[in-house]
Amino acid sequence: MEETDREAVATAVQRVAGMLQRPDQLDKVEQYRRREARKKASVEARLKAAIQSQLDGVRTGLSQLHNALNDVKDIQQSLVDVNKDWRQSINTIENLKDVKDAVVQHSQLAAAVENLKNIFSVPEIVRETQDLIERGELLQAHRKLMDLECSRDNLMYEQYRMDSKNTHDMNLIHTYFGDMQKLSEELAKQLWMVVQRSLVTVRRDPTLLVSVVRIIEREEKIDRRMLDRKKQTGFIPPGRPKKWKEKMFNILERTVSTRIEGTQADTRESDKMWLVRHLEIIRKYVLDDLLVAKTLLDQCFPPHYDIFNKLLNMYHQALSTRMQELAAEDLEANEIVSLLTWVLNTYKSAEMMGNSELSPEVDVNSLNPLISQNVVDQLLSKYMSTLTSNIIGWLRKALETDKKDWIKETEPEADQDGYYQTTLPAIVFQMFEQNLQVAAQINEDLKTKVLLLCLQQMNSFLTRYKDEAQLYKEEHLKNRQYPQCYVQYMIAVINNCQTFKESIISLKRKYLKIEMEDALSSSHTSMDATLDIIAKEGCSSLLDEVFMDLETMTMEAHRRVVVEYIRAIMLKRISFKNAEERKEGAERMIKEAEQFRFLFKKLAAGSGEDTEGLCDIIEAIAEVIKLTDPSLLYLEVSTLVSKYPDIRDDHIAALLTVRGDASRDMKQTIIETLDQGQSQPNPNYVPIFKEITVPTLTVPKLLK
């Protein structure tokens, strides 16, 4: 209390100090005192009222507790009296057991009387119900079936209440109503047939489907009522609960699965496009069925059935199961692409689940994947492996086909500018384009992988292309007459290199992301280098071909010069007058032969051509003309003939005529003597005199 007083005094001092801070406020001291006095009086009044209220509450509580104590004592006394009366009445209650049994028996008899009419008319009702089922009047048939079941169940329940262990009477009742169970099964068959064809029935006769749903709803209510009674009494009729609603959904689920599986009409052996057709039929059927379910079927079921979403889940699960089955098969590369494209893209596209007519009930973003990512990865891995083998095979086949064109006797095709080319680049990159377009249908990642694979295989392919071009050249060098269009096809190979370069750049620009270009720069550089080598070696081959042709032409020119020179000598029809003129003429011929030899060597440098033999012929003729002793002329001419066996008599006659000192008899003698001799020509000698035609100057034999 002292602490509280001190705090109150301190607070008061602060309030007074706050009120009296200026001299002019002293005039208001009395006013402040009265105001504070009013506040104090008000607080005291509230305190008194609060204390009085609490005292009244306590007084009331004590009074109620006192009354409650008296009531408890009275109740206790009453319980003692009740207990005393109950003990005195035990014997009386035991004497009422017979009355109790009579009441139970009366209840059973009352139930039997109530159902007596139905009991006696069971066979007739069974026949009527059967007729109604056969006529398709399912609601009326089910109404009669419910009446029969109600009669049986009530009788069994009363029997159960009287003696639950009396199985004989229970079996008797069950046997009497035995045909009713067959009716129930027959009716159920009709219901399930309608349910199986619900998507067709709802278009033709929605009333029939509504009747089936109403019957199922009735059975559901009876099931619930029977289960509630079982909790209370322990009794439930045979065959309950029927769970027809659960069975209906099971039937729908099996129907959906069968519909999905039944869309495969072909096999790979009968149709290469079997999977594409199968998936397209599935897409069409599922879309049509869901549209019918949304617009028509949903109206035939109570809202709490949520029939559309139930069917949506069934179709999704059936599709997932079917897609997993297909994924487990030994699919080819194109089939893997078809499956993944359908699963990853088509399924959620506007062509199927994303169809505008299915929204907003179907949210494609909430649909689970049809196959797991692990399965997708396995399929992609298998696809890449198969595609790798296929690309290698395609490239090998394309190159083999192109090589067959190289040996054709017709020139290769030309582009619009007239440049030779083959179809190889177009075939290769068309194949690449097709596979990249297919991969792009699945996702960007696969497209990039396929592009990398194509460029990688292209790198290896160009190496093989280079080797084949080299072999082509080597085979040609073995026989330069074959193949006939070697030059044209080698030009086409060179032009193909430029086409390959442009196509690689175009392919990367079209399908490769910018951020991936650095990763492929080394590969691109390698391909460019290989193409440059192919083009360079091809150009070198063409140059070699030109030089070899020039060498052949040069050799022929050398030969032609010598032939014309010798022909000119033999056709001049001149004769030297004396030995001095013959010497000067022969030396001039030798000098000119030396000039020819020097010129020929210079033109044929490095070719390996033998130009010496050609010039030696001129020198040999010059030696015949230069000879000063006519007696040795035969020997010199015979030496000439032995070296050049294709020289004819008219050639010798023309040569002797050029000397100018050989008489008619000498010419005749030399020619006849040479005709009798046998020459042994040099095996390496190439005939040249057979190309020289001179007038016949042979002297006829003289008569004796």
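1. **Basis.** This is a predicted model, in which local features need pLDDT of at least 70, side-chain atom pairs count only at pLDDT 80 or more, and totals for chains, interfaces and linings use all residues. Residues are numbered from 1 along each chain as its sequence is written, and side-chain values use heavy atoms, with hydrogens and water left out.

2. **Overall fold.** The chain has 24 helices and zero strands. Helices (H or I, at least four residues) and strands (E, at least two) are DSSP runs, numbered from the N terminus. Of its 704 residues, 38% count as buried, meaning under 20% relative accessible area with a 1.4 Å probe, protein chains only. Take the contacts (heavy atoms within 4.5 Å) with a separation of 6 or more: 75% of them join residues 24 or more positions apart.

3. **Cores.** A nonpolar core is a set of buried Ala, Val, Leu, Ile, Met, Phe, Trp, Tyr and Cys residues joined through side-chain atoms within 4.5 Å. The largest one holds 124 residues; Met 323, Leu 339, Trp 342, Met 353, Phe 432, Met 458 and Phe 500 touch the most other members. Helix α17 (residues 444-478) gives the most to this core, with 12 residues. A second, separate core has 43 residues, among them Ile 618, Leu 633, Tyr 644 and Ile 652.

4. On a 1 Å grid over the protein atoms alone, a cavity is a set of points where a 1.4 Å probe fits but cannot get out; lining residues have an atom within 4 Å of a point. Grid points are joined across faces, edges and corners, and a volume is the space filled by probe spheres set on the points. There are two cavities of 30 Å³ or more. α19 gives the most, with four.

5. **Second largest pocket.** A pocket is an open set with protein on both sides within 12 Å along at least five of seven lines. The second largest pocket has a volume of about 420 Å³. It is lined by 22 residues, and Asn 334, Val 337, Ser 338, Val 438 and Gln 441 are the closest to its centre. α14 gives the most to this lining, with seven residues.

Notes. Buried means under 20% relative accessible area, exposed over 50%, partly exposed in between (1.4 Å probe, protein chains only).
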